[in-house]
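Hi everyone, thanks for coming along. I'd like to take a few minutes to walk you through a model, so please have a look at the screen.

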Amino acid sequence: MAQATARAHSNIALIKYWGKRDSSLNLPAVGSISVTLDALHTTTSVHFSSEWPTDRVELNQAPADEKTTQRVSRFLDIIRQNAHIDERALVSSANNFPTAAGLASSASAFAALSLAASTAAGLSASPAQLSEWARRGSGSAARSIFGGFVEMHKGQRADGRDAIAEPLAAADFWDVRIVIAITSEQAKQTGSTGGMEQSKNSSVYYPAWVDTAEEDLSAMRNALLQKDFTRVGELSEYSCLKMHALALSGQPGLLYWNGVTMDVMHAVRNLRRQGIEAYFTIDAGPQVKVLCLPEHQNTVEEALQQIPGVLRLITTRPGTGAHLLGEKA
Ligand code: DP6
């Protein structure tokens, strides 16, 4: 196979990944649990040819910047090494959501790239293998290989073979909704990779974060499999605030929220006081993802829409794992 196109969906962590046990293989210091998001996806085509002198990368129909091209090229080296090929590639990738909104595009991007590039290189990889490769691109991408509710294992091995994700339950296991409140379209100042390194190197809370991760994972695993919405929601908010407390406690402290982010958090807690079960989670950026049940989707959307500074909402349900859209010899 010389050409392949794959699609992968973004995901949101309910129990957060923050910190690495090894940077060169991108091995996480803690496991994580996520839900794959139906509404947000990346579609990526990879074409290997001996006629091209270098890798080229197009993002949303425009040439990618140097830094992105290098990151993709380093990722392709892993695939080339495994496939024993030397051809350079043309990679065209497009998101169905605005990249500038900071909605964790690296997760869907590297999951789609992992499947498209390995297929184009003639490899027929297992989902576990795809997850391992995707992790090398971005830790959260390892989870986007799978649909529904997914657990990423931190693994024990030095070579990272066990630092992979695995599905906990399929997308149709539980119809929950995630209402995403966009509060800023500006690119964030400190990305996740740099942010987690800073927390590890400078926060006195970091050892406690790593030591207590397993408890959070096991509580979430149980709550999810029992469809205990209250517990899932409470644990999601807890893990989110715990991660941000860690980021805030570094030197310098990392502040990913803006004022509107805070307003949304308060609005979510207000909804709960009125008997509407809604819970927030936030990644390394200012957008807020609100978890609710289908019967409360409209009420949650109406409440969030009214908050000044909320630019728009995207509502989604659990989505499927990475899949091929086409391949050509
Ligand atoms: C806050 O997966 O973007 O979204 O492995 O360095 O690429 P790298 O980091 P990335 O980090 C995600 C951090 C997070 C929490 C999460 O998704 O678990």
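How much area is buried between domain 1 and domain 2? About 3,300 Å², and carbon and sulfur atoms give 71% of it. On the domain 1 side, the residues that lose the most area to domain 2 are K16, W18 and W174, and together they make up 28% of what that side buries. Before I go on, please keep in mind that this is a predicted model.

Let me step back to the layout. The domain assignment of the protein chain puts domain 1 at 2-174 and domain 2 at 177-316. Taken over C-alpha atoms, their centres are 23 Å apart. In terms of contacts, 32 residues of domain 1 meet 48 residues of domain 2.

Which elements give two or more residues to the side of domain 1 that touches domain 2? They are β1 (3-15), β2 (20-22), β4 (32-49), β8 (149-152) and β9 (165-169). The top contributor is β4, with seven residues. By residue type, that side of domain 1 splits into 22 nonpolar, five polar and five charged.

While we're on the strands, let me point out T5, which sits in strand β1. Its side chain makes a polar contact of 2.8 Å with the side chain of S45. Leaving out residues up to four places away in sequence, T5 touches T43, T44, S45, A116, L324, L325 and G326.

Finally, the ligand. There are 18 residues around the ligand, and the ones that come nearest are Y17, K20, S138, G139 and T193. For G139, a polar backbone atom is 2.7 Å from an oxygen atom of the ligand.

Terms used:
Residues numbered from 1 in each chain as written. Predicted model: local features only at pLDDT ≥ 70, side-chain atom pairs only at ≥ 80, totals over all residues. Heavy atoms only, no water. Domains from an automatic or database assignment. Contact = heavy atoms within 4.5 Å. Buried area = accessible area lost by both parts, 1.4 Å probe. Helix = DSSP H or I, 4+ residues; strand = E, 2+ residues; numbered from the N terminus. Nonpolar A, V, L, I, M, F, W, Y, C, P; charged D, E, K, R; others polar. Near = heavy atom within 4 Å. Polar contact = N/O pair within 3.5 Å; in protein donor to acceptor, adjacent residues only side chain to side chain.
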